[in-house]
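Please look over the sequence and the structure shown here before reading the report that follows.

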Amino acid sequence: MTRYENLATLLAERIEQGLYRHGEKLPSVRNLSQEHGVSISTVQQAYQVLENLQLITPQPRSGYFVAPRKAKPPVPAISRPVQRPVEVTQWDEVLTLLDARSDKEMLNFGGGAPDISQPTLKPLWREMARLVQHNQCDILSYDALQGRRELREQISRLMVDGGTVVDPEDIVITNGCHGALSIALLSVCKPGDIVAVESPSYYGTMQLLRGFGIKAMEIPTDPDTGISIEALELALEQWPIKGVILVPSCSNPQGSIMPDARKKAILSLAQRHDIVIFEDDIYGELVTDYPRPRTIKSFDIDGRVLLCSSFTKSVAPGLRVGWIVPGRYRDRVLHMKYAAIGSTVPTNQLAMAAFIRDGHYHRHIRRMRQFYQQHLETYTCWIRQYFPCGICVTRPKGGYMLWVELPEGVDMLCVSRQLCRLKIQIAPGSLFSASGKYRNCLRINCALPLTERYREAISKLGEAMHIAMEES
């Protein structure tokens, strides 16, 4: 972080802790400059950050004052989904959300794309251009079925941060994490099987189950610590569940981070009932604190955890570079990859291998962790300012998604259709449930720019919610 960002963070913490109270005047620019040994321009930049976060307000000829603020909305309670296997629905609504990607005028709060405008990505674009110019024979040839050895070696090194020690030979490159999960499910399950999922859960994962004819068993999930082990155990005793899909680090959409003790407990439960764990680690690198959390795979001793991940959220979705660590299912996974997609494209694999090898990836990730944390804080402030009282909002410690829960009776699917006429796209909560629950919820992508245009869009979204609550 830069000096002004460090100073802004320190002052924000003091405000949150009540050391500077609402309406209280803050130290002058000159006094802060002397106290912290920084330039006046650094203090001015820090105050500008706090002003953008609406933590402080300037008063002409008087200085800066702590802004009056709404109380923090509570975190949503643990979910209560339907306690039986169901066939996944909501495809038409998901298709509408996906179609919005092609509308350049749409402000897409509903998508899950990261920010790809950062200068730390420039070395990657240069490497891709170099490969296209100088390695045409290599990049236009068939790829090895497992993917490029150079990339698998670099991924193996990256995984050590998550406590996972794996040989490059035990990694299979895929077309993104979506492709990895697809191959993993095809390798283990057949139509009619039941798979347990967190609830709410990412709509893309839900639609994979729908496409493969697999039923979903939604399990209550805490927005802070993840899936309920007790509810999962009860479901395993009642139903012939084949496996469970988990996102233990920055789950989508709630942003929960599962403690290590719960990861071990779930692994023990999976061993006892002889089921598979499909671990989606796509947001693991974006946890704010370092070192990042351990994966469930790092505790796996009998190969029942199939770890899936990609660079889609941490770098760029268009790369379509993902991977799977298949454990005991390696041969089956290779067969399913060949049957489903054949080989993967070499260009982006080689570019990512060089990006990691030369140290650019770690610099980019360090920047993005802080970048997204600032965005989450700013969007949360906007939500507190413009959204009605009576809502609940998650407080993720990483990633860039916020989950907002409104009172029962508010239909965010109807609100979403109205907002589309204003060129504002959101992801209504019903998309994140196999049975269409959570109609009173929505997910917001906070990777979008912190500009006046997006602040106004959040304001319009708040207005629509006020009306929906009055009519419910």
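## Strand β11 and its neighbours

Strand β4 (residues 172-174) pairs with β11 in the antiparallel sense over three bridges, where helices (H or I, at least four residues) and strands (E, at least two) are DSSP runs numbered from the N terminus, and two strands count as paired if DSSP finds at least two bridges between them. Opposite glycine 322 in β11 stands threonine 174. Strand β10 (residues 305-310) also pairs with β11 in the antiparallel sense, over four bridges, and here isoleucine 324 of β11 is the bridge partner of cysteine 308. From strand β11 (residues 322-325), Gly322 and Ile324 point one way while Trp323 and Val325 point the other way, and all are buried; buried means under 20% relative accessible area, exposed over 50%, and partly exposed in between, with a 1.4 Å probe and protein chains only.

This is a predicted model, in which local features need pLDDT of at least 70 and side-chain atom pairs count only at pLDDT 80 or more, while totals for chains, interfaces and linings use all residues. Residues are numbered from 1 along each chain as its sequence is written, and side-chain values use heavy atoms, with hydrogens and water left out.

## The two sheets

Strands of a sheet pair through backbone hydrogen bonds, either parallel or antiparallel. An open sheet of eight strands runs in the order β4-β11-β10-β9-β8-β5-β6-β7, with mixed pairing, and its edge strands, each pairing on one side only, are β4 and β7 (226-227). Within this sheet, strand β5 (residues 194-199) and strand β6 (residues 215-222) pair in the parallel sense over six bridges, and glutamate 198 has isoleucine 219 in β6 as its bridge partner. Helix α12 (residues 330-340) lies across β4, β10 and β11, at about 30 degrees to β4; axes are lines fitted to C-alpha atoms, for helices over the stretch in contact, and angles run from 0 to 180 degrees between N-to-C directions, with contact meaning heavy atoms within 4.5 Å.

Another open sheet has four strands in the order β12-β13-β16-β15, with antiparallel pairing, and its edge strands are β12 (392-393) and β15 (427-428), each pairing on one side only. Five bridges join the antiparallel strands β13 (residues 401-405) and β16 (residues 441-445), and methionine 401 stands opposite asparagine 445 in β16. Helix α14 (residues 360-386) packs on this sheet, touching β12, β13 and β16, and its direction makes about 20 degrees with that of β13.

## Enclosed space

There are two cavities of 30 Å³ or more. On a 1 Å grid over the protein atoms alone, a cavity is a set of points where a 1.4 Å probe fits but cannot get out, and lining residues have an atom within 4 Å of a point; grid points are joined across faces, edges and corners, and a volume is the space filled by probe spheres set on the points. The largest cavity holds about 150 Å³ of space, and of the 16 residues that line it, the closest to its centre are Met159, Asp281, Glu285, Arg292 and Trp323. With three residues, β10 gives the most to this lining.

The second largest cavity has a volume of about 40 Å³, and its lining includes Cys250, Tyr283 and Met401.

## Glutamine 207

Glutamine 207 is found in helix α9 (residues 203-211) and is buried, with a relative accessible area of 11%. Leaving aside residues up to four places away in sequence, glutamine 207 touches Val88, Thr89, Gln90, Trp91 and Val94.

How values were computed
On a 1 Å grid over the protein atoms alone, a cavity is a set of points where a 1.4 Å probe fits but cannot get out, and a pocket is an open set with protein on both sides within 12 Å along at least five of seven lines; lining residues have an atom within 4 Å of a point.
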